[in-house]
Amino acid sequence: MTATTRPSDPTKQSLWKPVILPDNPGLHMIDVYLQNGGYSALKKALGMKPEDVTEEVKKSGLRGRGGACFPTGLKWSFMPKQSAKPKYLCVNGDESEPGTFKDRQIFEFNPHLLIEGTLIACYAMGITSAYIYIRGEYGKWIKMVEQALSDAYAKGYVGQNILGTGFSTNVYVHKGAGAYICGEESSLMNSIEGERGYPRVKPPFPAQNGLWGCPTTINNVETISNVPVILDKGWEWYSKIGIAKHPGPILVGVSGHVNNPGVFEMPTGEPLLDIIHKWAGGVPGGKRIKAVIPGGSSTMILRGENLEGVNMDADSLKAAGSSVGTAGVMVMDEETDLIRVITRITKFYYHESCGQCTPCREGTGWMFKILKRFEKHDATKADIDLLLDVANNIEGNTICALGDAAAWPVQSMVKRFREEFEARTRA
Amino acid sequence: MLSQDNIQRINDLRQRYPTSQALMLPALWIAQEQHGFLSEETMKEVAALLAVPYGHVLGVVTFYTMLHAKPVGKHHIEVCTNISCLLRGSDKVLAHLEKRLGIKAGETTSDGKWTLSETECMGSCGTAPMFAVGEEYHENLTIEKVDRIIDSLT
């Protein structure tokens with residue numbers, strides 16, 4: 001396996017030379033990383049004022065890659081400059097959104113980029129402890145990151161008095177134990193604290209009251225890995241990559257019915273149809289695309305015939321009635337049983353609901369039960385409206401976004417593929 | 001009983017966190033590594049070590065799918081059946097394993113050799129279908145490949 005999959009159409013190779021996952025199989029080793037300019041962005045940052053580092057990230061236009069697309073520099077600026085309490089950074093590597101498999105590539109092929117970005121973020125926000133939270137299933141990849149981290153400690157890039165600058169910070173890997181909800185930022189903090197992974201009510205927001213009640217920032221693994229690139233090449237260079245309102249390289253994972261599945265690094269704004277046909281090799285057997293889920297299972301499903309003009313960036317996907325999410329594109333060909341797909345997605349949210357909020361805990365189960373009737377051709381026409389009613393009563397009525405994430409796929413499936421439901425009702 | 005080495009490993013991690021309760025997942029992982037699962041006795045030991053109530057430890061253990069309050073088989077096969085794997089035939093992989101091992105998903109063979117589980121997305125969407133045996137991921141599965149892997153596990 002390589003860091004990124006090669007695009008099936010060679011003309012796409014000239015579009016972008018990867019910087020997050022460069023084509024260099026030895027990059028996970030610290031000596032190779034250093035030979036390729038590694039940790040020079042950290043050196044550069046340590047020579048700047050911390051607030052100027054945040055400003056650089058702000059001006060670059062980087063937006064979070066974990067699903068919400070929140071401007072990263074702005075998030076950093078919410079952290080208090082002076083704080084009597086310690087401040088913390090959590091790097092979110094829980095990567096559990098179905099259809100998402102990009103952070104795993106960073107852990108394996110470029111872990112030092114992640115560590116370097118973590119250190120720069122800590123310096124910018126005056127943080128002295130960072131936790132990289134990685135899902136428990138990634139045991140093998142956790143060991144890879146721990147190895148890279150211990151190499152970085154040994155060379156003086158992490159720990160006390162980094163590179164003799166007087167700046168000190170520790171970085172630890174924290175292993176999850178199997179819970180999708182721990183990818184939600186407040187749940188992730190509870191998980192680190194040794195609690196069940198229950199999301200917290202916001203406000204207070206993490207920048208004021210996060211880990212152990214202290215100011216905390218949570219960033220996705222891919223987001224943090226963009227930071228050294230911004231420092232290295234400058235915000236102006238970065239801000240011109242892809243779409244101005246959502247710039248930068250993005251890791252797009254393509255799975256399902258394609259000939260060449262994998263993780264591709266590309267500028268934002270690449271046409272979705274190009275991603276499917278020219279990067280991921282098109283649909284096996286030249287079959288028609290029936291549906292696409294563009295950004296992980298929580299994002300709204302799109303009809304195959306409505307993909308023209310839809311691009312891989314926040315605004316374009318929003319206009320198309322979906323969202324970029326984690327950029328996990330799942331492609332379904334004309335023979336796909338979409339009722340089976342939505343039943344399986346709903347089973348997932350039913351299983352992963354933490355159980356705190358009644359609408360989500362009960363509603364996901366009810367939706368699953370109703371969908372099972374459609375799966376068995378044993379539903380009534382009224383069940384379609386009942387299903388929507390349950391989904392509508394979950395959306396917006398829960399502490400965290402898992403409720404919305406469970407409702408959106410169902411709502412969009414009924415809205416865009418109502419005929420599939422109608423065909424499965426009793427006569 | 002946790003081994004002295006493992007108690008030491010847990011204590012060595014204390015400097016990473018400002019509270020001992022934060023050692024919960026690291027300590028439970030170490031305990032599960034030693035015993036294969038987390039018995040009431042082990043959970044009570046972890047509770048004492050971290051100075052938290054036993055009920056709190058039990059609450060955590062039952063929350064996370066990778067922490068086992070009951071023994072699991074020598075080889076724990078976890079088949080992803082979420083969307084990307086479903087689209088590429090995970091149902092056939094699971095059905096084949098159920099037939100071959102003579103158990104349903106969620107069960108353990110009577111000799112304790114195999115546990116078969118259906119799991120949520122494990123992040124192998126581009127190399128689907130897949131299953132994991134412990135930490136080892138087996139990807140781009142075919143029925144022939146599944147058989148070869150099962151044959152190789154003793």
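Author: The following account takes up the contact between the chains and then the domains. This is a predicted model, in which local features need pLDDT of at least 70 and side-chain atom pairs count only at pLDDT 80 or more, while totals for chains, interfaces and linings use all residues. Residues are numbered from 1 along each chain as its sequence is written, and chains are lettered from A and ligands numbered from 1 in the order in which they are written.

To the contact, chain A gives 42 residues and chain B gives 31 residues; two residues are in contact if their C-beta atoms, placed from the backbone, lie within 7 Å. On the side of chain A that touches chain B, the elements giving two or more residues include helix 7 (139-154), strand 3 (170-175) and helix 13 (338-352) of chain A. Helices (H or I, at least four residues) and strands (E, at least two) are DSSP runs, numbered from the N terminus. Helix 13 of chain A provides the largest share of that side, six residues. By residue class, the side of chain A that touches chain B has 15 nonpolar, 18 polar and nine charged residues. Here Ala, Val, Leu, Ile, Met, Phe, Trp, Tyr, Cys and Pro count as nonpolar, Asp, Glu, Lys and Arg as charged, and the others, Gly among them, as polar.

Chain A is divided into domain 1 (37-239), domain 2 (247-333) and domain 3 (338-422), with bounds from an automatic or database domain assignment. Chain B has domain 1 (4-63) and domain 2 (75-152), whose C-alpha centres lie 30 Å apart.
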